[in-house]
Amino acid sequence: MPWIVKRIGVSLLLMWVVATVVFLALHMVPGDPAELLLSTGGAMPDAYAIAELREKLGLNRPLWEQYLGFLEGLSRGDLGNSLVDDYPVADEILLRLPRTLELILAGTIISVIIALPAGTFAAVRAGGAFDRVASSLAALLQAVPVFVLGTLLILLLAQTLRWMPAGGYVPLAQDPVRHLVLLSLPAIAIAKGLTATVFRMTRASVLDALSRDHVRTARAKGLTPQRVLRRHVVRNALIPVTTVLGLQMGTLLGGTVLVEYVFNWPGLSTPLLRAVEGRDYPMVVGIVLTVSGLFLLINLAMDLLYAALDPRISRS
Amino acid sequence: MPTLNRRTLLGAAAGAASLPVLFNPARAQQRPTTIRFGLSAWPPNLQPWVSTGASAGTVKLLIHRRLIGFDEKGEMRGELAREWGLDAQGAWVFRLRPEAVFHNGERVTSEDVKWTIEQMAAERSTAYYRQQMQQVERVETPDAHTVRLVMKEQSATVPLWFTNYNMGIVWRGSRDMNAPIGCGPYRVTSQERGTWIEVQAAPNYWVPGLPRTRTIRFTVYADENLRLAALQSGDMDMIEYVPWSGMAAVEANPRLTLATQMGPFMDILFNGTRPPFDNPLVRRAVAHAVKREDIVRVAFSGRGKVLEGMPISEGTPWFDPELARGHAYDPERSKALLAQAGHPNGFATTLLAASQFAMHKDSAEISQQYLAAIGIRAELQLVDWSTRVSRGIRGQYDLAVHGVSSEFNDPDGLSVVMDTSLSPAHGRSFGVRAPRTTELLAKGRQEFDQAKRVEIYRDMQRAALEEVPLVGLAWREQGYGFDRRITGFANLPAALSTASGALLEFAAFG
Amino acid sequence: MRRLLLPGLAVLFICLVAAAAPLLPMPDPVRQDVANRLAVWLPGSPLGRDEFGRDVLSRLIWGAQSSLMVAFISSAIAAIIGTMLGLLGGWFRGVAEFLAIRGADVVLCFPPVLLALLVVTLLGPGTATLILVLSVLYLPGFIRVSFAEVLSARSQDYVEAVRALGAPTTRILLRTVLPNIAGPVLVQFSLAVAAAVVLESGLSFLGLGVVPPTPSWGLMIRGARSTMEQAPMLLVWPCVALTFTILAMNILCDAVRDVADKRGGGGAKRLRLVDRLLPGLFPPPAAPVPLLDVQGLTVEIAVPGGIIKPVQDMSFTLMAGRTLAIVGESGSGKSMAATSIMGLLPPAARVADGVARFEGEDLLRMPEAQRRKLRGGAMAMVFQDPMSSLNPVHRVGDQVAEAIRAHRDVPADAARREAVELLKRVGIADPERRARAYPHELSGGMRQRVMIAMAIANKPRLLIADEPTTALDVTVQAAILELLADLRREEGMGVVLITHSLGVVAEVAEDVVVMYAAQVVERGPVAEVFARPLHPYTRALLAAVPDGDAEPEGIPGVVPRPDQWPPGCRFAPRCAHATDACNQAPPALEAEGDRAVRCIRWREFAP
């Protein structure tokens with residue numbers, strides 16, 4: 001499979017570019033991990049302590065030396081340790097990545113279940129009442145920021161009605177029911193934006209497919225409208241929707257920050273945000289590399305799926 | 001053996017018998033044996049002497065014991081030290097409790113205290129109190145339970161140093177400072193980095209009957225609204241940093257108790273190395289320009305108090321109602337001061353603030369509007385916290401809004417914010433020359449006579465009102481919210497509020 | 001165009017209000033008045049005051065300015081640069097493709113918030129930084145969309161045609177490809193604008209957005225969140241403004257897309273429109289019943305300027321087993337007539353008048369369910385472009401089998417076997433293997449054979465072939481025509497053959513209908529019409545095409561657009577023999593034996 005090999009090669013190259021960009025950008029932005037760590041909570045450290053910590057963390061070596069050291073570690077598959085507490089970056093990622101993935105997956109499932117049929121129906125009855133209502137709803141969903149929706153949900157369901165916990169996380173193995181209960185609100189929040197996007201993509205895609213000549217052919221064959229819709233419209237329209245969905249899922253990998261923050265879901269985005277704020281260089285680079293690697297993997301999978309869905313795309 | 005000199009104003013410690021609350025063992029079965037505590041931030045690490053914030057302090061206060069702690073009134077009370085004072089030679093003597101043991105079963109001895117102080121003062125140390133510990137000329141251990149500190153320079157506040165939450169005494173055999181061996185009521189039993197920490201009562205804790213609650217589980221809720229929601233929904237039994245907008249709701253809730261203290265404050269800092277803020281007249285113009293009530297109302301939902309002088313708490317001996325209004329809102333005076341300083345038409349400048357924190361942002365927005373009213377057109381520069389710290393330390397700003405707290409309730413605790421001769425820090429004005437303030441702060445530190453100290457610190461306030469090392473904006477309330485059934489916990493007064501976590505050993509349901 | 005009007009006005013209104021903010025008599029949006037903090041209503045502040053006591057309405061309108069400016073500028077930058085990169089990448093492939101696509105991948109690899117954090121920390125927060133961040137974030141979306149569209153457009157006929165004409169690359173990209181990928185790019189644009197405003201609020205929430213006190217919707221939402229319980233309306237107003245803007249943007253982009261995309265949308269809905277028409281108003285005529293009897297067929301399309309009639313008062317009769325050709329230039333309405341008979345009119349068109357009796361039953365007033373049973377059964381149709389008319393994602397054998405199973409209750413494997421037989425019957429070699437092929441794996445001629453196989457799958461009595469050979473090579477054309485002729489003979493079908501080629505007509509048809517500008521201008525048996533054309537247009541056609549396999553040339557001018565038809569004879573402006581009388585009134589179709597002609601001077605020219 002030389003094609004796969006080439007793709008993986010390109011992906012590795014991209015990850016190197018990403019890692020380098022992040023590494024350099026992080027060292028260029030103002031803020032120093034040693035200063036920050038010692039200034040936590042408003043403390044005012046003296047200059048000696050800061051200098052000492054910089055020395056300990058190896059931050060006063062020349063940038064190229066730090067970069068080479070980082071690349072060397074990377075080549076051994078070592079993502080390094082956190083500057084803040086010396087915790088292995090890889091362990092942190094392994095612990096938290098599955099939770100973010102679970103959140104994204106749950107959100108995607110919800111949005112697909114809602115948006116695919118709704119988008120199809122809205123396109124078939126384009127301009128009709130359902131189309132108008134659903135399109136308005138989609139706009140509303142897009143317009144309400146996720147942190148507002150999250151706060152509203154918590155205000156209503158947790159603070160006022162006390163039906164649900166106000167965010168948090170319990171491992172599935174420990175308490176499956178509570179795990180799913182806790183998952184539901186952030187998953188809905190993730191699904192919010194995705195549903196609007198998938199709805200609009202589906203609607204546009206189905207509209208496009210509806211106007212294709214082969215749909216006329218299918219009707220000329222005397223197929224029932226349902227069968228025309230299912231086999232000749234939706235089937236074709238799904239191809240672009242699937243790729244957009246894949247792309248969206250990839251983008252969500254690092255894009256769940258607000259949801260994780262608002263619902264206290266201990267996924268990968270929170271430590272990323274915290275690491276950037278605390279200039280914890282190895283942690284940031286490690287997480288970004290993981291996210292980009294996964295993103296490229298999803299991309300690859302989407303290309304394969306695309307090829308499987310659309311026979312016109314053939315690879316040799 | 002040195003004899004203790006009782007002339008010290010800092011009295012001996014209360015015994016273990018005077019513990020504030022007694023619990024009823026008969027009801028123990030029905031009561032929850034775990035307190036779920038909502039932290040506002042993840043402790044970056046739990047190294048004992050490195051300052052990593054108040055949330056880390058709360059946890060550290062449970063796994064370590066200091067020489068001296070506080071009672072619920074904020075008065076010093078011995079923790080590891082039974083009593084302390086100056087001896088005839090002017091050295092500080094601490095007598096340790098003989099029953100104290102570390103979590104590994106080793107007795108707490110003077111050698112451990114000596115080792116701890118030396119570690120903090122060491123050349124490569126990053127300890128928060130490194131500078132202070134370097135003031136100790138030598139540590140003597142006349143016997144296993146007596147520590148004698150010979151100081152390079154006299155200071156009345158030495159015992160207060162040992163009350164800081166970054167001053168835990170650690171077993172001298174500890175090597176890994178990420179897992180040091182302490183002698184506090186709790187031990188960390190499990191944690192997930194960034195999410196939660198669980199501590200459980202140390203089986204060999206040496207104070208009978210304590211801690212009252214077996215397990216405390218800290219969960220991090222970085223978002224204040226969610227932290228509040230977690231308390232209201234019953235997910236958490238106790239939270240720190242109750243958001244000001246939610247304090248009324250907690251008070252109104254019959255299941256909950258709100259304990260607040262007016263402690264930390266907001267201020268404006270200056271870059272005194274370049275015009276126009278190298279001129280004290282301009283700084284005074286700023287001081288009189290801002291109407292503080294607006295900040296109290298907007299940033300703190302009324303849960304604060306105007307701060308129109310130097311940050312000395314009302315009700316303390318050092319407080320003077322006249323001086324406390326020394327920087328009262330008076331835009332006409334501001335304009336006159338500006339004109340006097342040679343800026344009759346004002347000038348353009350910048351105002352730095354951290355964007356993540358609403359209280360910084362809101363205070364900055366209001367200050368900006370009032371400064372504009374007297375002709376100071378300040379462009380708001382909202383940056384992330386890291387950049388804010390970095391630019392603060394490097395003096396890359398003109399004006400900055402900051403929120404800070406005194407070190408302790410003695411006015412010497414203000415040195416860290418007001419003594420601009422100290423090394424550059426993001427929470428102090430940069431390069432502002434306030435020589436009289438600095439001098440009087442030092443004088444007050446070295447004076448042991450209470451009456452004289454009161455006078456010195458009033459002079460210091462007068463000096464500071466003219467030299468303006470900082471402009472106070474507003475006191476803010478610091479609140480803990482908790483389940484009404486929890487007893488034994490108290491919010492420590494004023495600057496000590498964030499160190500209230502130490503009292504969790506007395507807290508329990510029922 | 002009417003569809004564009006309302007959302008266009010709405011977007012214009014929003015933009016105008018935002019732009020006019022400095023001119024409107026409103027309180028200063030940054031002026032604080034803490035005493036009236038969170039007031040619900042105050043004189044001069046109909047929407048109340050925010051947490052700083054600032055006027056909400058004023059901030060909303062000024063906020064529209066900053067929010068929309070950020071959103072529009074960043075989306076526009078991303079759209080322009082992204083589409084350009086996508087165009088270049090998709091057109092030139094190679095290095096351009098690598099740079100465009102991999103560049104997009106690098107951006108996509110970054111978690112958006114991280115990218116924003118880094119850029120904002122590096123450059124400092126502010127409107128310019130925000131625009132930069134957002135445009136970088138949306139760039140990959142545009143690159144990908146335009147790249148994919150260009151790839152597919154590249155292989156389309158119209159692009160190939162323009163290319164073959166030797167047009168310069170930039171011209172092809174800008175004039176031919178760009179308009180055709182505009183639809184998806186516009187959808188992407190509307191999504192980006194909406195997302196930009198929301199992201200702006202998210203970044204403001206994290207403290208990375210617009211710098212206060214400058215009002216923006218994002219900052220308003222952020223600020224309102226903390227006072228949500230005391231003053232919920234503060235949250236509602238910016239969200240409402242945002243929803244309204246996004247909705248207007250979405251509808252506008254949809255409308256623009258539909259207008260840009262001539263194919264139009266929503267086919268299935270029209271199925272229902274037609275079946276509302278009443279069935280059979282006219283009693284069936286006495287025997288002998290013709291296979292297809294079309295009388296007075298008129299099709300209307302509603303356009304913004306009024307109603308046009310691409311087919312007007314068309315009549316012809318086809319007897320079983322015969323072949324009738326409908327001939328005319330592009331735009332004469334011949335295909336529209338055929339699709340209206342089949343009930344496959346595009347959504348915008350509808351049958352306004354006339355009857356089309358198939359074996360005595362009026363197709364035009366038949367319930368859709370009944371007509372559906374006829375379609376692909378007793379009457380079938382073969383389309384012009386076999387590539388686009390076959391579904392690219394299904395195997396051709398399955399598509400043929402589907403036609404069988406739509407009308408007969410046959411098990412799947414039997415249908416598949418029958419499909420292979422049919423493929424063999426239409427002259428496809430190795431039918432077993434070809435049945436498993438996808439349309440793109442077959443040649444043009446072979447695809448058309450598949451289409452024909454599909455059409456004859458249920459032994460139709462009427463076959464309508466709409467320019468079945470136009471899209472094919474010359475050598476293949478003859479073979480397909482031959483196949484059609486053979487099938488007609490063997491199956492005894494009646495065939496309606498739509499073509500612009502008189503050569504084809506001469507070869508296979510018995511009767512011919514000549515159409516010009518929606519009207520029948522001449523009708524009669526092929527031999528007679530060719531030997532003795534009565535209408536000047538027919539004559540011109542015959543004269544212009546000696547060998548009869550290209551678009552008619554040599555007639556000056558083109559068929560006028562439906563909205564520009566002359567009041568009199570529609571051919572008059574191009575007719576060498578036109579007189580003033582020709583321009584006075586529309587001529588009627590005059591019948592003469594089995595011939596008919598629409599010309600007031602036909603007698604003068606009759607040889």
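Me: Which residue in β2(C) is the bridge partner of Asp293(C)?

Reply: In this predicted model, where local features need pLDDT of at least 70, side-chain atom pairs count only at pLDDT 80 or more, and totals for chains, interfaces and linings use all residues, the partner of Asp293(C) is Thr317(C). Residues are numbered from 1 along each chain as its sequence is written, while chains are lettered from A and ligands numbered from 1 in the order in which they are written.

Me: How many bridges join β1 of chain C to β2(C), and what counts as a pair?

Reply: Two strands pair if DSSP finds at least two bridges between them, and strands (E, at least two residues) and helices (H or I, at least four) are DSSP runs, numbered from the N terminus. Here eight bridges link β1 (residues 292-303) of chain C to β2(C), and the two strands run antiparallel.

Me: Where do β2 and β5 of chain C stand in the sheet?

Reply: The open sheet of chain C has four strands in the order β2-β1-β4-β5, with antiparallel pairing. β2 (306-318) and β5 (361-362) of chain C are at the edges, each with a single partner strand, so one side of each has no neighbour in the sheet.

Me: Which domains does the assignment give for chain A?

Reply: Domain bounds come from an automatic or database domain assignment, which for chain A gives domain 1 (2-89) and domain 2 (98-315). Their contact, where C-beta atoms placed from the backbone lie within 7 Å, takes 22 residues from domain 1 of chain A and 16 residues from domain 2 of chain A. On the side of domain 1 of chain A that touches domain 2 of chain A, the largest share, ten residues, comes from α1(A).

Notes: Contact = placed C-beta atoms within 7 Å.
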